Amino acid sequence: MSFQKSSLGCVALLTTSIALSGCTQEKAHDNTTKQKTMATLNTQVTYLDRSMLRPDSILTVKLLDVSKMDVKADIISEQAIELNGGPPYDVSLQYEQSKIKAGHRYSVSARIENQGQLLYISTTNNDPFAQQQTDQPYKVIVSKAAALKSDVTLTNTYWKAISFNGETVEVKTKEPFIQFKADGTTHGFLGCNNFFGSYEVNEQTLTFKPLASTQKMCIEQMNIETTMSAVLDTASEFAIDGETLTMKDATGEVIATFQATYFN
């Protein structure tokens, strides 16, 4: 009888051992899978002036998901390092590949601080996945915080057209422009004809209601007029950075840039 109990005990111990071994192997497999989902984004941060940083300056680099409008960006990866010497500064960001999703927009932001004071900051969208990946570090340029201009207002500003769909506007006669009034009306020049109408803004969204224009025929700049008309029809959101106005379509693609212009 004691032999039977002993045998059963051995069987139970053996079964438990096999089960624990299986769990261990499964856990090891899970860890291996998790390790395989990790990736590294090598970045290189620099600034263009010849200033020397104060001791104990800290560089913080973040990989952000900026797909959602009007909400705080999701941080995918973040790294902070203490700086010694001049730029460039190399920073490696570890991130989970599963967090990079098709159709989303991403950006690498960088800032240099010293004892809570902001010294340098990146001021443009830097999407490392918008171009073909190479072995070279992804470069990010930061600007001196003291030199940054405050954002001008959308309304009561003369916005001169700079580019449409990535192409610089080549002015031959009169520059195209747009102005927004606080009462919701807008007017401007398309390249040949003047236009006028109304618009709606909600946070960063921008929608033009059907616009009317004069009906002149011009020999020059009709291509600019056609392009600008299409831009205003498809505009969905806007952003102002200093004295630059950027318009984007519903997919988040930049379709136009304008520059604030002042007249003495």
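**View 1. The two faces of strand β4 in this predicted model.** Strand β4 has a covered face made of Y89, V91, L93 and Y95, and an uncovered face made of D90, S92, Q94 and E96. Helices (H or I, at least four residues) and strands (E, at least two) are DSSP runs, numbered from the N terminus. Strands β1 and β4 pair in the antiparallel sense over eight bridges, where pairing requires that DSSP finds at least two bridges between two strands, and T40 stands opposite Q94 in β4. The model is predicted, with local features needing pLDDT of at least 70 and side-chain atom pairs counting only at pLDDT 80 or more, while totals for chains, interfaces and linings use all residues. Residues are numbered from 1 along each chain as its sequence is written, and side-chain values use heavy atoms, with hydrogens and water left out.

View 2. Most residues other than glycine have a negative phi, and most peptide bonds are trans. A cis peptide bond, with omega about 5°, joins P87 and P88, and P88 belongs to the loop between β3 (74–82) and β4 (89–96). D56, in the loop between β1 (38–46) and β2 (58–65), has a positive phi near 70°. N165 also has a positive phi, near 55°, and is found in the loop between β9 (158–164) and β10 (167–168).

**View 3. A stacked pair of tyrosine rings.** Y47 and Y120 form a stacked aromatic pair, 4.2 Å centre to centre with 15° between the planes; rings of Phe, Tyr and Trp (its six-membered ring) pair if their centres lie within 6.5 Å, and planes under 30 degrees apart count as stacked, over 60 as edge-to-face and the rest as tilted. Because Y47 lies in the loop between β1 and β2 and Y120 in strand β6 (residues 117–121), the pair ties together parts that are 73 residues apart in sequence. Y47 is buried, with a relative accessible area of 4%, and Y120 is buried at 3%, where buried means under 20% relative accessible area, exposed over 50%, and partly exposed in between (1.4 Å probe, protein chains only).

**View 4. A tilted pair of phenylalanine rings.** The rings of F180 and F208 have their centres 5.9 Å apart and their planes at 35°, so this pair is tilted. F180 is in strand β11 and F208 in strand β14, 28 residues apart, and both residues are buried.
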